[in-house]
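Subject: Structure handover

Hello,

Here is the structure I promised to pass on. Please have a look at it first, then read my notes below.

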Amino acid sequence: MSVIWFFEDTNIFNLLCPHKFKRYRESHDFNEYKKSDYIYFEEDSANKVYLIQSGKVKIGYYSVDGQEIVKAILTKGEIFGEKAILGENKRTEFAQSVDNGTSICPIGVETMLELMRENQKFSLKIYKFIGMRFKRLERRLQLLLFKDSKTRLLEFLDELKDDYGHCCPDTGDMVIEHPYTQKDIANLIGTSRPTLNIIMNELKEGNIIDFNRKEIRFKNNPNVSWLTVY
């Protein structure tokens, strides 16, 4: 399975969800999904944009030989199906719930466009968001095509650091508190869990990182720089 990951540091749900707007509140509902439920399939009508209230959603498509290509695993506060805003009539990818209890806020394209027309600043943010997503997607595709698993992991951790990291005042370590399982991380860099474990343990033994289920630390070691392992 091939994968392209991307993360955004803006909680679009907090900014956009229709229940925050008085005239949409009464007619607006959330949809609940179990693990492995599909939100939409390839070739479905593209008439909605979706916001994640809770849980995780996998975005991908199938190659001509039936291989699943996962483009992203998205979490709380993120948006998907956004190509409908740009005029896409049919889906070119699927969206599938990764967790039980995934809660999704659907918003019709016409409602979305109405909100964008009413607020130029908001509209510019949405288009900028879409543009940045396409740029990140292109860059990560290049990584998957031309980099080995270790380099892909290090690039992934570097972006994870930007999105979820903070400096520990006591140790000087860069602490990354992230929402992804080891299976997620392995999928997101296009490798197997055993290979991921080997690489992460190698980095741990080299005093580059330390990690547990929900946290990864770049060690504050003046004698070792994690950048030197690229």
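The chain has seven helices and 13 strands. Both are DSSP runs, numbered from the N terminus: helices are H or I with at least four residues, strands are E with at least two.

Some ground rules. This is a predicted model, in which local features need pLDDT of at least 70 and side-chain atom pairs count only at pLDDT 80 or more, while totals for chains, interfaces and linings use all residues. Residues are numbered from 1 along each chain as its sequence is written, and side-chain values use heavy atoms, with hydrogens and water left out.

**The chain as a whole**

Of the 230 residues, 47% are buried. Buried means under 20% relative accessible area, exposed over 50%, and partly exposed in between (1.4 Å probe, protein chains only). The chain exposes about 12200 Å², and carbon and sulfur atoms supply 48% of that area. Areas come from the Shrake-Rupley method with a 1.4 Å probe; for residues, only the protein chains shown count as cover. Now the contacts (heavy atoms within 4.5 Å). Among those with a separation of 6 or more, 70% join residues 24 or more positions apart.

Four strands form an open sheet in the order 2-9-4-7, with antiparallel pairing. Strand 2 (31-33) and strand 7 are the edges, each pairing on one side only. Strands pair if DSSP finds at least two bridges between them. Strand 4 (residues 48-54) and strand 7 share two bridges, in the antiparallel sense. Tyrosine 50 stands opposite phenylalanine 80 in strand 7.

Asparagine 89 lies in the loop between strand 7 (79-80) and strand 8 (94-97). Is asparagine 89 buried or exposed? Asparagine 89 counts as exposed because its relative accessible area is 62%. Leaving aside neighbours within four places in sequence, asparagine 89 is in contact with Asp44, Ser45 and Ala46. Its C-alpha atom is 7.3 Å from that of asparagine 47, 42 residues away along the chain.

Leucine 86 sits in the loop between strand 7 and strand 8 too. Its relative accessibility is 46%, so leucine 86 is partly exposed.

**Helix 5**

Helix 5 (residues 149-164) has 16 residues. Buried residues in helix 5 include Leu153, Phe156 and Leu160.

Best wishes

Notes: The expected span of a helix is 1.5 Å times one less than its number of residues.
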